[in-house]
Amino acid sequence: MGKVIEADWVVVGGGSAGCVLAARLSGDPTQEVVLLEAGPDWRSAEAPPEMRSMNGWRALDETACAPFQWPGLESRRSSAQERRPHVRGRGLGGSSSVNGMIAIRALPGDYDSWASYGCPGWSYEEMLPYLRRMESDADFGDRPHHGADGPIPVQRLGREAWGPADHALAEAALDIGHAWCDDHNGPTGTGVSPYGSNARDGARVTVNDGYLEPARQRPNLRIVGDATVDQVIVEGGRAVGVRVRVEGTWTQVRAARVVLCAGAVHSPSILLRSGIGPGGPVASLPVGEGMQEHPLALFWLHQRPEARPGLDERQTNCCLRYSSRLAGASENDMMIVSINQTLALPDMNDSHLVADGARGTWGGAGGGHASGGPGLLCLWANQEFSRGTLRLASPDPDVHPVIEQNLLNDPGDLTRMRDGVHRCLELVRSGSFDAAFEHIAVNLAGTGIDALTDDTTIDRWLLETIGDTGHICGTCRMSAPDDPRAVVDPAGRVLGVEGLWVADASVFPEVPRANTNLPTIAAAERLADLMTGRTNPIAAVEGLAVQGGS
Ligand SMILES: Cc1cc2nc3c(=O)[nH]c(=O)nc-3n(C[C@H](O)[C@H](O)[C@H](O)COP(=O)(O)OP(=O)(O)OC[C@H]3O[C@@H](n4cnc5c(N)ncnc54)[C@H](O)[C@@H]3O)c2cc1C
């Protein structure tokens, strides 16, 4: 056993939430903070160029960026599918280092419904200071609901810089009557909108850049990479540290407070290994049971040669958010997104991101190295009724958990996705796609859209090909302490164990109707304030200067 490390706080996982927590908690110089990250520790200046590209897929390059993904992780998306690779970020920055860099906020109604589940303080009005504090919006920073000097830059490219799929989607959607919306991060908004990104000067900005880099010089913050946490050490009902393998040697970090930020796959896994879960000997809680995602269907857009974007051009600039008005659906429950390009795969069968080329999971879109991959029209349900599960396959921390996402299990999800497929077919047949795209397919093998002849065929295609968006959440659900679905209380405290928090996307009571990176950062900002007893979020910025990419 290596030398035991001691601290006031130990933060487990340095992703979208963990970097926020480490930076905010170490803002108090009297508190010793240790951040443990399973993957590489890296400085902003060391990022590989693929991670900085405005083409977010490049960060999934299997060679240059291999250390920044969890190898071998799999999930089953629907009962009609086998297990397939499941992408999660690894190393400081977590999934913010490898994601699509789409910077969109949860809807005001998402926060209001979280508050309505017995989570006081989480309404939109109460979250707005955190949404402002975290961002530096290049386009709308001077508006009351935006921020101008936070750690995460948000920008939108002008239409002159858009790609072929962006133009086609915008034109087709506006032609059939959808409204134009300048800013989906405003308090209201529906329709066709520029899709913001967390980038500055043509380069990705991760949470490692925005939050951790400016805090690194603090003497009370210790960052440890290559540090895989097995479990939380609980003594007398209180968390007193974690068991961790640092550079191959098992040791302990003893701390007064433990904050899990290992993400919606690994935070529940750590809890389960610690005896905290269904029927668990330390605390019996529904860990791993409330899993949610945005189910995703893909249309593959094969560009004409002259319409192929360059390798580093932004992969998406436009989205259409709309309300299906079908049973149980709330406002803006659905999303359609244009993707200008994917990456050409060197050899599909060798790619760890492509398990089934004929069906074409979206993960395959990022596995290659070169430009030339088809574009995509992506359809997903922003509101999801289905719930997935996660359980341990083994107590060994090197064995991945079993993830059943159960996408489209709830008939309400299948119905709205089927309706969305009809809307997508209307869009791609409108003529707006013809100039740039010579063929539109329903899989990587090139089967044309005419194969989707009727609803039965569409349902089967959806169940067989449905993918995830990388937005897994809800596996350690936050709720009122007397709610049987609750794992943490509205302050992120694990029920029944003193001194233990979860503060990442695992705690979402319900998947927001938006991509999940900004919502995770916002939640982490609020939970950090609750942990430290700060009450004025705007005053708590504490010198976190805005940091660009390298
Ligand atoms: C491929 C992909 C594309 C996406 N695209 C977008 C997008 O464009 N826009 C958007 O808003 N959202 C996107 N998302 C989702 C978004 O990035 C995530 O929801 C968000 O980053 C989750 O933050 P987190 O802190 O919960 O987890 P993560 O950011 O995943 O961080 C968890 C961290 O914990 C570490 N860890 C795990 N286990 C251990 C352990 N045992 N010990 C120590 N450390 C551990 C991990 O290595 C990781 O660094 C995408 C996600 C993926 C995977």
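This is a predicted model: local features need pLDDT of at least 70, side-chain atom pairs count only at pLDDT 80 or more; totals for chains, interfaces and linings use all residues.

Let me start at Ile339, which, leaving aside residues up to four places away in sequence, touches Ala165, Gln315, Thr316, Gly375, Leu376 and Cys378. Ile339 belongs to strand β18, which covers residues 334-339. One of its contacts, Ala165, lies 174 residues away along the chain, and yet the C-alpha atoms of Ile339 and Ala165 are separated by 6.0 Å. Is Ile339 buried or exposed? Ile339 is buried, because 28 other C-beta atoms lie within 10 Å, and the cut-off for that word is 20 or more.

Staying with β18 for a moment, the loop between β17 (318-322) and β18 holds Asn332. With 22 other C-beta atoms within 10 Å, Asn332 is buried.

Elsewhere there is another residue of this kind, Met101, which is not a glycine but has a positive phi of about 65°. You will find Met101 in the loop between β4 (83-85) and α3 (108-116), and Met101 counts as buried because 26 other C-beta atoms lie within 10 Å.

Now let us turn to the ligand. How many residues surround the ligand? There are 42 of them, and the closest are Gly13, Gly15, Gly94, Gly100 and Gly470. Sorted by class, this shell has 16 nonpolar, 22 polar and four charged residues. Several elements, namely α1 (16-25), β11 (227-235), α7 (263-273) and α10, each supply at least two residues of the shell, and of these α7 gives the most, with four residues.

Helix α7 is mostly covered, with 11 of its 11 residues buried, and among them are Gly263, His266, Ser267, Leu272 and Arg273. Just after α7 comes Gly275, which takes a positive phi of about 85°.

Two packed helices are described by the angle between their axes and the distance between the axes. Helix α4 (residues 124-133) packs against helix α10 (residues 517-532) at an angle of about 110°, with the axes 9 Å apart, which means that α4 is roughly perpendicular to α10. The crossing in which α4 passes α10 is right-handed. On the α4 side the contact is made by Met127, Tyr130, Leu131 and Arg133, and on the α10 side by Ala522, Glu525 and Arg526. By class, that contact has four nonpolar, no polar and three charged residues.

The last pair I want to show is helix α8 (residues 411-428) and helix α9 (residues 455-465), which pack at an angle of about 110° with their axes 10 Å apart, so α8 is roughly perpendicular to α9. Here too α8 passes α9 in a right-handed crossing. Leu414, Met417, Arg418 and Val421 in α8 meet Asp455, Ile458, Asp459 and Leu462 in α9, and by class this contact has five nonpolar, no polar and three charged residues. An α-helix has 3.6 residues a turn, so residues three or four places apart point the same way, and I would keep that in mind when you look at the positions listed for each helix.

Notes:
Residues are numbered from 1 along each chain as its sequence is written. Axes are lines fitted to C-alpha atoms, for helices over the stretch in contact, and angles run from 0 to 180 degrees between N-to-C directions. Angles under 35 degrees count as roughly parallel, over 145 as roughly antiparallel, 65 to 115 as roughly perpendicular and the rest as oblique. A crossing is left-handed if the near helix is turned anticlockwise from the far one by less than a right angle, and right-handed if clockwise. Two residues are in contact if their C-beta atoms, placed from the backbone, lie within 7 Å. Ala, Val, Leu, Ile, Met, Phe, Trp, Tyr, Cys and Pro count as nonpolar, Asp, Glu, Lys and Arg as charged, and the others, Gly among them, as polar. A residue is near a molecule or strand if its C-beta atom, placed from the backbone, lies within 6 Å of it. A residue is buried if 20 or more other C-beta atoms lie within 10 Å of its own, exposed if 12 or fewer, and partly exposed in between; C-beta atoms are placed from the backbone.
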